[in-house]
Amino acid sequence: YENNEYKVIDNDILELFLKNEYSPKKLEKDLQDKKRLGDDAEMLIFKKEQDKVDQINPSLKVDHVALRDVSAGYDIQSFRKKDDKVEKIYIEVKAVSKSNYKFHLSVQEKQTANKLKDKYFIYLLPIDKSNPDKFDYNQLLKITNIDKSIFQNKLEWKVENDGFIIFKN
């Protein structure tokens, strides 16, 4: 949205608005594309984190946890130097739109973030389809302490529920 008009930057989104039907095949393709984009975002962050950690201590290895455990509540376990100590950090990677950084946070991710507090990070990596790498790493947004930074920060973030769990008593 610029100068009181919307600009379509993704023709697939435009097609969704113009088309009334959404076939199971199209849904399956969109989910596969979204998964591939998420996997690529994780791989980019994994590589950047390993480069960063190599500067701290080359013997430390970043762990791409999501490749073997999707229930961990984070994608990557890395390290940071804080107060002259090296400590583990936990990173959840989200490929997001440049326009609004919108993302979905699962219950497991929120619980893990609340447990790990300032050692838990959400990395919001903007998608840039004009870039051969698919992402704009220079616009990466790193968020820690999500309760304070997001849920209590209503000036910068809007939080919406995206569904209900309903069952009969």
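A residue counts as buried when its relative accessible area is under 20%, as exposed when that area is over 50%, and as partly exposed in between. The model described here is predicted.

Side chains of opposite charge can pair when their charged atoms come close. In this structure the count of salt bridges comes to 16. One of them joins E87 and K119, whose closest N and O atoms are 4.0 Å apart. E87 belongs to strand β2 (residues 85-96) and K119 to the loop between α3 and β3, so the pair links parts of the chain 32 residues apart. E87 has a relative accessibility of 19% and therefore counts as buried, while K119, at 32%, is partly exposed.

The side chains of D118 and K82 also meet in a salt bridge, with 2.9 Å from N to O. D118 lies in the loop between α3 (107-116) and β3 (120-126), and K82 in strand β1, 36 residues apart. D118 is partly exposed at 31%, and K82 is partly exposed at 33%. R80, K82, E87, D118 and K119 are linked in a network of salt bridges.

Another salt bridge connects K98 with D136 at 3.2 Å between the closest N and O atoms. K98 sits in the loop between β2 and α3, and D136 in the loop between β3 and β4 (141-144), 38 residues apart. K98 is partly exposed at 39%, whereas D136 is buried at 15%.

D75, in the loop between α2 (24-56) and β1 (76-82), is buried yet has no salt bridge. The nearest side chain of opposite charge, K94, is 6.3 Å away. Leaving aside neighbours within four places in sequence, the contacts of D75 include E42, H64, I91 and V93.

Key. Residues numbered from 1 in each chain as written. Predicted model: local features only at pLDDT ≥ 70, side-chain atom pairs only at ≥ 80, totals over all residues. Heavy atoms only, no water. Helix = DSSP H or I, 4+ residues; strand = E, 2+ residues; numbered from the N terminus. Buried < 20%, exposed > 50% of the residue type's maximum accessible area, 1.4 Å probe, protein only. Lys, Arg positive; Asp, Glu negative; His and termini not counted. Contact = heavy atoms within 4.5 Å.
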